Amino acid sequence: MAIEYQEKERLFTLHTANSTYQMKVDSYGYLLHLYYGSRVKGSMEYLLTYADRGFSGNPYEVRDDRKYSLDALPQEFPCQGTGDYRSPAFVVRNGNGSYSTKLLYDSCRITEGKYSLPGLPAVYDTEEGETAEGGLRTPASDGIQTLEIVLRDEVNGLKATLLYGVLPGLDIITRAVKVENEGTETVNLLKVQSACLDFLYGDYDLIQFYGRHAMERNFQRTPVAHGAQMIGSRRGTSSHQYSPFVILAEQSATEDQGGCYGLSFVYSGAFKAEVEKDQYNQVRISMGLQDELFDYPLKPGDSFYGPEVALSYSKEGLGKLSRNYHKTFRYHLCRGRYKTAPRPVLINNWEATYFDFTGEQIYNIAKQASELGVEMLVLDDGWFGVRNSDYSGLGDWFVNEKKLGGSLSDLTERIRGLGLKFGIWVEPEMVSEDSDLYREHPEWAFVVPGRKPVRGRSQLVLDFSRREVVDHIYRQISKVLKEASVEYVKWDMNRSIADVYCATAGREDQGAVMYRYILGLYEFLERLHQEHPDLLIEGCSGGGGRFDAGMLYYTPQIWCSDNTDAIDRIRIQYGTSFGFPVSAVGSHVSAVPNHQNGRITPIETRGLVAMAGNFGYELDLNKITEEEKVCVREQIREFRRLWNVIHNGDYYRLTSPFGDSEAAAWMFVAEDGSEALLQAVTLEAHGNPLTTYIRLKGLEPEAFYVDESTGRRYNGAGLMSAGVPLPQLGGEYRPWQLHLKKEE
Ligand code: GLA
């Protein structure tokens with residue numbers, strides 16, 4: 001059983017294949033956290049120690065027992081006001097203005113399957129979202145269970161249900177919280193961290209993925225020291241700057257060994273992750289909604305959901321931790337027809353034309369692309385309203401027939417005539433001041449009364465917390481999708497949110513608007529998913545500004561970065577790989593010199609890097625040389641040939657492109673072990689170069705593997721312990737690939 005409850009000791013034990021999570025209700029009714037780590041048996045309560053510690057308060061009910069303090073005890077859902085002075089997971093403002101809560105154990109329930117959250121994305125257990133093409137069920141789907149633990153505060157009437165989903169075969173435990181107000185007065189929620197982990201001791205590092213537009217998810221590993229380290233986003237999106245995925249790793253943990261814990265927020269809005277080493281050298285890490293700008297009035301009878309956090313523990317280092325998330329998100333979070341199916345190889349016109357195109361030019365790009373084997377054309381920004389630059393047109397989701405030289409259906413029919421599917425770009429959450437929509441409904445944009453708004457890319461944000469706004473935009477966009485039988489949508493979001501103010505909400509509701517905005521976004525996406533079940537949606541926010549597990553529930557792939565340079569992309573995709581599967585990454589071959597950084601790399605390198613994702617092109621293929629055309633044709637064939645091992649295989653990082661490695665290398669091993677693919681790119685070039693050796697991973701030590709292109713035979717153990725020499729490739733930014741088949 002994944003979940004055990006021992007009633008006498010009030011002990012909860014959650015088991016996955018390789019981890020155990022344990023908590024207990026103590027004699028005073030507090031829910032204490034006992035353990036999370038490698039799989040163990042029996043009660044871990046013996047780990048708790050009690051001492052009379054100065055300035056660590058004692059709850060009233062313990063009477064004279066000065067050794068009992070919540071300031072020192074590990075807890076599941078620590079609240080403000082209990083004498084625990086570490087950063088709490090839950091803070092409220094009561095009807096009388098006070099900030100205290102005391103949540104004590106009430107009851108529990110264990111059910112088969114995994115809970116879901118109304119209006120919010122969550123990992124799921126079942127066949128939901130699976131279709132004939134994507135109907136893969138992993139053996140890891142078995143034995144999934146849910147635990148609900150109900151806590152209550154007698155004074156303010158709050159009921160908090162802690163939700164735990166256990167996915168044993170994937171080593172994943174999810175957490176979320178439902179808060180209900182069963183009292184008589186409104187209670188304002190000020191901070192809700194859906195998951196909080198207390199560790200009694202240990203030297204840990206925090207690994208997090210910071211960045212900026214066009215340079216997302218850089219790797220940073222820093223020791224957890226006394227004091228708090230906080231990362232998060234106040235931007236209304238999960239953001240380019242910090243990823244809502246963090247790792248707490250034992251300081252000795254490496255790619256292949258050592259204990260590490262992942263926390264991935266299944267939410268796309270502002271978030272906060274905190275890690276704190278306290279006075280007793282205990283470590284607390286938590287993740288949840290950003291508490292700045294959050295002040296949610298929970299009226300009597302109302303309920304609120306704190307979004308899900310997917311936790312995972314690996315004692316086999318960071319590589320295994322990543323693979324746990326890859327499988328879980330690929331099979332139990334992404335949905336729709338393309339969930340696990342091959343996605344069409346696409347050509348996107350953005351870097352080929354920007355705003356400056358006609359229907360004829362788009363057709364010509366499609367024509368050349370189809371001759372080379374591309375399967376879908378994506379018409380990017382500029383096809384609607386009056387949109388010839390990024391100063392106007394957002395919000396007017398009707399086709400600019402003048403620019404296209406005819407209707408969109410005419411164009412798409414011609415493109416389909418070439419044998420291509422058709423996809424289109426939208427940015428539903430935005431409005432340009434120079435648009436019909438804004439002229440008609442200026443109050444639909446986020447603007448604080450009496451103030452001039454902050455612009456971003458010269459645009460304003462629509463108030464998606466309002467139903468009528470979401471409905472209006474949905475109707476317009478859905479009409480275009482239907483009329484032109486659109487098969488793919490690139491959903492963009494190109495600024496950080498500011499001036500959060502809902503014109504129809506009262507004063508007391510403004511602190512709920514950011515959260516409700518995200519619910520509005522999810523509602524829109526869910527409707528698209530339900531009403532256009534065959535549609536493939538790619539998420540995007542100026543590239544990877546909203547690359548999070550929440551979006552993956554609606555969009556099985558996300559444009560990873562606006563930076564299409566192969567070398568920068570190696571780093572961006574490396575950082576992304578810690579928490580997200582290759583199948584979530586949108587990745588294209590673009591022109592050189594690269595438009596973002598001016599770098600020149602061979603087309604073979606650009607192809608190899610883009611193949612470690614959802615492959616496509618973003619340039620005018622009419623403008624490349626005949627030799628390059630031959631290469632493009634070959635790349636598409638190659639991608640199809642390797643798709644299975646890349647997308648369904650296990651992913652291994654072999655070198656860090658942030659270190660001083662001469663080459664970046666990664667590899668894939670087919671799920672059944674029958675083949676492996678090593679990909680590498682040289683990062684440096686030197687005179688009289690030394691040989692770089694790359695050690696492989698994930699192979700069977702006893703087996704032999706054959707490189708079919710040379711006929712050379714290698715032993716698995718040999719490849720893993722001694723590696724292979726990287727051939728001298730004659731310079732920097734050169735690609736190399738080794739495709740191995742296991743001998744029967
Ligand atoms: C964002 C996207 C780009 C492109 C432009 C269009 O920056 O990330 O890929 O679609 O918008 O305006």
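## The ligand and the spaces around it

Of the 13 residues around the ligand, those that come nearest are Asp380, Asp381, Arg457, Lys490 and Asp562 (near means that one heavy atom of the residue lies within 4 Å of the molecule). This is a predicted model, where local features need pLDDT of at least 70 and side-chain atom pairs count only at pLDDT 80 or more, while totals for chains, interfaces and linings use all residues. Residues are numbered from 1 along each chain as its sequence is written, and side-chain values use heavy atoms, with hydrogens and water left out.

By class, the ligand shell splits into 4 nonpolar, 3 polar and 6 charged residues. Here Ala, Val, Leu, Ile, Met, Phe, Trp, Tyr, Cys and Pro count as nonpolar, Asp, Glu, Lys and Arg as charged, and the others, Gly among them, as polar.

Which atoms of Trp425, Gly543 and Trp559 pair up with oxygen atoms of the ligand? The table lists these polar contacts (pairs of N or O atoms within 3.5 Å).

| Residue | Polar atom from | Distance to a ligand oxygen |
|---|---|---|
| Trp425 | side chain | 3.0 Å |
| Gly543 | backbone | 3.0 Å |
| Trp559 | side chain | 3.5 Å |

On its own the ligand has 310 Å² of accessible area, and the protein covers 95% of that (areas come from the Shrake-Rupley method with a 1.4 Å probe).

### Pockets

Where does the ligand sit? Its place is the largest pocket, where "sits" means that more than half of its atoms lie within 2 Å of the pocket's grid points. A pocket, worked out on a 1 Å grid over the protein atoms alone, is an open set of points with protein on both sides within 12 Å along at least five of seven lines, and a cavity is a set where a 1.4 Å probe fits but cannot get out; lining residues have an atom within 4 Å of a point.

The largest pocket holds about 460 Å³ of space, a volume being the space filled by probe spheres set on the points, which are joined across faces, edges and corners. It is lined by 26 residues, and His213, Arg457, Asn494, Gly542 and Asp562 are the closest to its centre. Arg457 and Asp562 are also among the residues that come nearest to the ligand.

Strand β6 (residues 104-112) supplies the largest share, 3 residues; strands (E, at least two residues) and helices (H or I, at least four) are DSSP runs, numbered from the N terminus. By class, this lining has 4 nonpolar, 10 polar and 6 charged residues.

### Cavities

Of its 17 lining residues, Ile570, Gln573, Tyr574, Tyr651 and Trp666 lie nearest the centre. Two or more residues each come from α10 (566-577), β31 (650-653) and β32 (663-669), with α10 giving the most, 4 residues. The lining divides into 13 nonpolar, 3 polar and 1 charged.

Most residues other than glycine have a negative phi, and most peptide bonds are trans. Leu293, in the loop between β18 (283-289) and β19 (296-298), has a positive phi near 65°. Val592 and Pro593 are joined by a cis peptide bond with omega about -10°, and Pro593 is in the loop between β29 (585-590) and α11 (603-611).

How values were computed: A polar contact is a pair of N or O atoms within 3.5 Å; within protein, one must be able to donate a hydrogen and the other to accept it, and residues adjacent in sequence count only if both atoms are side-chain atoms.
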